[in-house]
Amino acid sequence: MRSFALFTAALAYAGQATAISVTGAAEGFAKGVTGGGSATPVYPSTTAELVSYLGDSSPRVIVLQKTFDFTSTEGTTTTTGCAPWGTGSACQLAINKDNWCTNYEPDAPTSTITYNTAGMLGITVASDKTILGSGSLGIIKGKGLRIVSGASNIIIQNIMITNINPKYVWGGDAITINNADMVWIDRVTTSLIGRQHIVLGTSASNRVTLSNNYINGVTSWSATCDGYHYWGIYLDGSNDMVTMKGNYIYHTSGRAPKVQGNTLLHAVNNYWYDNSGHAFEIGAGGYVLAEGNVFQNVDLVYESPVSGSLFTAPSTSANTACSTYLGRVCQVNGFGSSTTITQTDTGFFSNFAGKNIASAAAYGTVVASVTATAGYGKI
């Protein structure tokens with residue numbers, strides 16, 4: 001009887017180890033990413049074990065089957081911050097990180113603030129890693145993920161990252177990518193974040209695909225003091241190619257995304273819904289092709305002036321310009337209770353030559369497909 005029980009347990013463990021695998025494959029610029037490949041899955045049970053697996057030098061498939069709560073793991077810090085957007089209860093306060101309040105908001109009211117120290121710096125993710133959530137169980141709370149210092153070939157799929165000092169700007173980012181390559185972020189939900197939900201820093205992050213993610217901007221504290229998170233997606237790399245496809249960007253008020261540095265962005269079949277400010281902010285060195293997207297209840301689809309370049313796929317005739325470098329005609333965008341956008345810069349289209357380009361569906365299919373697939377817990 002004991003032998004049978006052990007045999008049954010072994011079969012159950014083997015089933016667990018093979019049941020979880022990556023769903024689909026990356027489209028666009030990060031096409032071909034393999035992450036941890038065929039490595040035997042590991043199942044961390046503590047925050048320390050998760051940190052160790054993520055940061056070691058071995059190819060790994062890391063399966064999250066619980067909530068990993070880092071909120072109190074590094075204690076709290078009490079210091080003087082500032083209130084640059086007002087002192088109302090719905091306004092975010094700012095941590096004086098790197099003397100930001102001192103240097104940039106010297107006239108703002110000061111405030112004593114206490115934040116969770118763990119949120120300030122994300123967990124390091126080394127090369128050749130796949131991070132997978134099991135069903136709706138894979139949650140990281142109180143700390144983000146950080147892909148930096150030359151890390152490459154990374155897949156993050158079907159997890160939630162949440163509750164990183166949401167009251168405080170500079171309180172932490174959900175996902176940071178900087179000096180990296182071949183990164184695929186897919187079906188990830190981010191919510192209640194102090195600063196950026198996704199940020200690509202000023203070093204080259206090279207080839208990145210952001211697909212089927214749910215950027216949930218609902219919050220009790222924001223820089224616009226209205227319950228809409230301002231710090232959404234910030235793309236600022238020196239040599240970045242970013243595909244954004246099938247993402248649901250909800251209840252934000254700005255920087256969704258901000259694009260500058262030297263960043264080529266292909267934004268295709270995304271769904272922006274309920275934005276109280278602006279979606280795109282395009283600075284110098286930002287090159288944006290936006291096609292087949294839906295903008296619903298978005299006050300400003302892009303903030304003026306556009307200092308970079310933008311092609312908005314405004315009409316069937318204008319969209320034939322895509323054929324030479326994308327191999328197909330671009331798809332028009334759809335608008336509902338939103339400002340429409342018409343800008344037809346094409347001088348940057350040659351940057352797409354020879355690259356992996358995501359497919360595009362007609363905008364009429366986007367709302368149903370995005371709401372059915374975006375975010376964690378749906379595979």
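These notebook entries record what I looked up in a predicted model of one protein chain.

**Entry 1. Ground rules**

I number residues from 1 along each chain as its sequence is written, and side-chain values use heavy atoms, without hydrogens or water. Because the model is predicted, I require pLDDT of at least 70 for local features and 80 or more for side-chain atom pairs, while totals for chains, interfaces and linings use all residues.

**Entry 2. Overall fold**

I began with the secondary structure, which comes to 5 helices and 26 strands. Helices (H or I, at least four residues) and strands (E, at least two) are DSSP runs, numbered from the N terminus.

Next I looked up the overall dimensions. The C-alpha trace spans about 75 × 55 × 35 Å along its principal axes. The radius of gyration is 21 Å, which agrees with the value near 21 Å for a compact globule of 379 residues. That radius is taken over C-alpha atoms, and the globule rule is 2.2 Å times the number of residues to the power 0.38.

I then turned to burial and surface. Of the 379 residues, 55% are buried; the term means under 20% relative accessible area, with exposed over 50% and partly exposed in between (1.4 Å probe, protein chains only). The chain exposes about 14600 Å², of which carbon and sulfur atoms supply 50%. Accessible areas come from the Shrake-Rupley method with a 1.4 Å probe, and for residues only the protein chains shown count as cover.

Residues 24 or more positions apart account for 69% of them.

**Entry 3. Charges and salt bridges**

I find 19 positive and 21 negative side chains, and the centres of the two sets lie 9 Å apart. Lys and Arg count as positive and Asp and Glu as negative, with His and the chain ends not counted. The place of a charge is NZ of Lys, CZ of Arg, CG of Asp or CD of Glu.

A search of the whole structure returned 11 salt bridges, each being a side-chain nitrogen of Lys or Arg within 4 Å of a carboxyl oxygen of Asp or Glu. I examined several of them in turn.

In the salt bridge of E27 with K245, the closest N and O atoms are 2.8 Å apart. E27 lies in the loop between α1 (2-19) and α2 (47-55) and K245 in strand β18 (residues 240-245), so this pair ties together parts 218 residues apart in sequence. E27 is partly exposed at 32% relative accessibility, whereas K245 is buried at 15%.

K143 and E74 form a salt bridge with an N to O distance of 2.9 Å. I place K143 in the loop between β8 (139-141) and β9 (145-157) and E74 in the loop between β2 (67-69) and β3 (76-82), so the pair ties together parts that are 69 residues apart in sequence. K143 counts as buried at 8%, and E74 as partly exposed at 43%.

R207 and D181 meet at 2.7 Å, N to O, in a salt bridge. R207 belongs to strand β15 (residues 206-211) and D181 to strand β12 (residues 175-186), 26 residues apart. Here R207 is partly exposed at 32%, and D181 is buried at 19%. I also note that salt bridges with shared partners join D56, R60 and K129 into one network.

**Entry 4. Backbone exceptions**

Most residues other than glycine have a negative phi, and most peptide bonds are trans. I therefore looked up exceptions to both patterns.

The peptide bond from A256 to P257 is cis, with omega near 10°, and P257 sits in the loop between β19 (248-250) and β20. K258 is in strand β20 (residues 258-259) and is buried at 10% relative accessibility. Leaving aside neighbours within four places in sequence, I find K258 in contact with I233, Y234, L235 and E281.

A cis peptide bond also joins S304 and P305, with omega about 0°. P305 is in the loop between β24 (294-302) and β25 (309-311).

As for phi, N212 has a positive value near 60°. N212 lies in the loop between β15 and β16 (214-216) and is buried at 18%. C225 likewise has phi near 60°. I locate C225 in the loop between β16 and β17 (233-235), where C225 is partly exposed at 26%.

Notes:
Contact means heavy atoms within 4.5 Å.
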